[in-house]
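Here is a short note for a colleague who is opening this entry for the first time. Please read the points with the model on screen.

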Amino acid sequence: MPPAAREHLLTNATADRYLRTVTDGAARVAARIAGTDRPFTGITPEHLALEVATADLDRPLGDAAAALDELNDVYLRDAVYFHHPRYLAHLNCPVVIPALLGETVLSAVNSSLDTWDQSAGGTLIEQRLIDWTARRAGLGPLADGVFTSGGSQSNLQALLLAREEALAASGPPRAETLPRLRVLTSAAGHFSVQKSAKLLGLAPDAVVTVEVDADRRMRPAALDRAFERCRRDGLTVMAVVATAGTTDFGSIDPLPEIARRCAAAGVWLHVDAAYGCGLLASRTRRHLLDGIERADSVTVDYHKSFFQPVSSSALLVRDGRALRHATYHADYLNPERTVAERIPNQVNKSLQTTRRFDALKLWMTLRVMGADAIGELFDEVVDRAAAAWSLLSEDPRFEVVTRSQLSTVVFRYLPTGPGRAYADEANLHARAALAASGDAVVAGTTVDGRHFLKFTLLNPETTIDDIAAVVELVAEHADRYVERAIGPMPACTAS
Ligand SMILES: Cc1ncc(COP(=O)(O)O)c(C=O)c1O
């Protein structure tokens with residue numbers, strides 16, 4: 001007989017069952033993680049869709065062991081494994097075990113961090129972590145913030161606050177000012193800035209792209225010109241978004257110069273440190289974030305460079321009072337009187353209502369291993385990226401773009417002779433062929449309209465030998481493509 005429905009609920013009567021089930025699941029994941037010999041199997045969406053479609057969702061399997069067996073076929077066997085040293089693609093990190101312990105606890109207790117009466121200590125722990133991070137960023141005594149679902153949401157909320165501050169400061173009615181608001185960000189900034197502008201009802205051309213230098217850092221002189229153009233056109237700059245760790249190039253905009261200009265113009269400075277925030281824990285590279293302390297708001301993605309499981313992100317603000325722009329009161333949840341009663345309801349600061357206790361993962365991380373250990377892991381991948389850059393820049397078969405301040409390497413294979421005309425296609429092919437083989441997963445991007453490949457290194461287990469091996473595979477796949485296109489390649493020369 002299958003157990004009755006209520007036996008599946010975690011209650012005081014079923015704690016044993018919970019322990020057995022979760023332990024069994026964790027054991028299978030541990031075995032899978034330990035036995036992974038490739039970051040990906042290369043399965044196609046069509047093949048996997050067939051497996052997923054065979055699960056009859058109206059006929060439950062009845063027990064967890066059977067569901068785990070099935071899960072193997074629909075997910076675990078073909079998942080993309082970020083812990084594998086040859087996963088080199090996007091901003092996904094391997095995760096630290098103390099955070100996984102936190103994840104287990106938070107999902108079982110299932111606190112919701114919208115109100116104190118649904119979380120108690122969870123609210124206080126989140127607040128401590130916000131204070132801890134804001135102190136590391138140097139945001140000052142009035143700083144506050146809230147955990148979010150990710151960098152995109154943090155950026156959205158930052159721009160919401162900036163918009164409201166700009167509208168409050170402007171003379172004309174809201175409806176007249178809104179289409180005239182502008183956001184300045186670099187050409188290498190994250191696309192969530194554009195999405196946020198759309199969500200916030202700004203004009204279609206509200207995001208003004210500021211030129212970058214050869215290292216993909218915002219040019220202060222170009223920012224001056226953008227300010228000047230907006231002034232001349234009667235537009236109001238509501239925010240400058242500086243990026244501390246651009247997604248492709250790992251470049252950090254010159255924060256002190258940008259902060260100085262924002263202060264002079266009275267403009268909100270948001271620093272998107274979704275990627276670069278790991279430097280807050282580094283004992284050797286913290287200085288790369290100098291100037292962040294002058295930001296009005298900061299995005300930090302612990303699920304990128306603090307080795308936390310998704311989701312774990314926060315928005316920090318220098319003056320906590322700005323968070324009032326996200327505050328609404330509901331009689332059933334957070335009535336206005338609770339403010340006077342000093343009841344800490346985080347929903348007053350958040351775009352979300354029901355919200356996971358993601359902060360617990362970072363708490364467990366800091367309590368078990370500490371920030372220095374996180375910083376060491378991040379420093380290690382930054383060092384590895386520098387070594388990878390040297391390897392590629394000394395290899396005449398490759399072109400590298402810029403030396404990252406963080407842990408990306410953007411490069412492309414350059415076929416010789418007439419094969420050069422196929423460089424774009426050869427690099428696109430090499431990326432796809434690598435993923436299809438499952439030997440490695442690398443990312444791609446474009447630079448000045450040309451196709452490039454990208455390593456994002458976030459796994460300290462990735463050795464320079466792993467990187468060298470993947471580089472050789474890229475060359476082989478690219479050569480094979482060119483050979484098919486034009487015939488055998490001439491031998492490579494060091495010219
Ligand atoms: C610089 C930067 N900002 C924001 C984001 C968005 O973060 P999330 O994916 O957590 O929404 C990313 C994601 O890669 C990023 O690189």
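Is C93 buried or exposed?

1. **C93.** This is a predicted model. In it, C93 has a relative accessibility of 5%. The cut-off for buried is under 20%, so C93 counts as buried. C93 takes part in no disulfide. The nearest cysteine sulfur belongs to C277, and it lies 9.8 Å away.

2. **Disulfides in general.** A disulfide is a covalent bond between the sulfur atoms of two cysteines. How many disulfides does the structure hold? The number is 0. C262 is a further case to check. Its closest cysteine sulfur is in C230, at 12 Å, and that is too far for a bond. C262 is also buried, because its relative accessibility is 3%.

3. **Overall build.** The chain has 16 helices and 12 strands. Its C-alpha atoms fill a box of roughly 75 × 75 × 40 Å along the principal axes. What radius of gyration does the chain have? The value is 25 Å. A compact globule of 495 residues would have a radius near 23 Å, so the chain agrees with that expectation.

4. Of the 495 residues, 50% count as buried. The chain exposes about 23,100 Å². Carbon and sulfur atoms supply 55% of that area. Take the contacts between residues with a separation of 6 or more: 73% of them join residues 24 or more positions apart.

5. **The cores.** The largest nonpolar core has 89 residues. Which of its members touch the most other members? They are L184, V240, V271 and F455. A second, separate core has 25 residues, including L160, V183, A197 and V241. Leaving out residues up to four places away in sequence, F455 touches L88, A89, L392, S407, T408, V409, F411, V442, I467, V470 and V471.

6. **Backbone points to inspect.** Most residues other than glycine have a negative phi, and most peptide bonds are trans. First, a cis peptide bond joins V310 and S311, with omega about -5°. S311 sits in the loop between α11 (302-305) and β8 (313-317). Next, A120 has a positive phi, near 50°. A120 is in the loop between α4 (97-109) and α5 (121-137). Its relative accessibility is 31%, so A120 counts as partly exposed. Last, R342 is not a glycine either, yet its phi is positive at about 60°. R342 lies in the loop between α12 (337-340) and α13 (359-368). At 75% relative accessibility, R342 counts as exposed.

7. **T115.** Where is T115 found? The loop between α4 and α5 holds T115. T115 has a relative accessible area of 1%, so it is buried. A polar contact of 2.7 Å joins its side chain to that of D117. Beyond its neighbours within four places in sequence, T115 is in contact with T123, L333, N334, N345 and V347.

8. **R412.** R412 belongs to strand β10, residues 408-413. Is R412 buried or exposed? With a relative accessible area of 9%, R412 is buried. Contacts of R412 outside four places in sequence include R397, F398 and E399. They also include A423, D424 and N427, along with R450, H451 and F452.

9. **A435.** A435 is part of helix α15, residues 423-437. It counts as partly exposed, because its relative accessibility is 23%. In sequence, A435 and F40 are 395 residues apart. In space, their C-alpha atoms are 7.1 Å apart. Leaving aside neighbours within four places, A435 is in contact with F40, G42 and A440.

Definitions and conventions. Residues are numbered from 1 along each chain as its sequence is written. This is a predicted model: local features need pLDDT of at least 70, side-chain atom pairs count only at pLDDT 80 or more; totals for chains, interfaces and linings use all residues. Side-chain values use heavy atoms; hydrogens and water are left out. A nonpolar core is a set of buried Ala, Val, Leu, Ile, Met, Phe, Trp, Tyr and Cys residues joined through side-chain atoms within 4.5 Å. Buried means under 20% relative accessible area, exposed over 50%, partly exposed in between (1.4 Å probe, protein chains only). Contact means heavy atoms within 4.5 Å. A disulfide is a pair of cysteine sulfur atoms within 2.5 Å. Helices (H or I, at least four residues) and strands (E, at least two) are DSSP runs, numbered from the N terminus. The radius of gyration is taken over C-alpha atoms; the globule rule is 2.2 Å times the number of residues to the power 0.38. Accessible areas come from the Shrake-Rupley method with a 1.4 Å probe; for residues, only the protein chains shown count as cover. A polar contact is a pair of N or O atoms within 3.5 Å; within protein, one must be able to donate a hydrogen and the other to accept it, and residues adjacent in sequence count only if both atoms are side-chain atoms.
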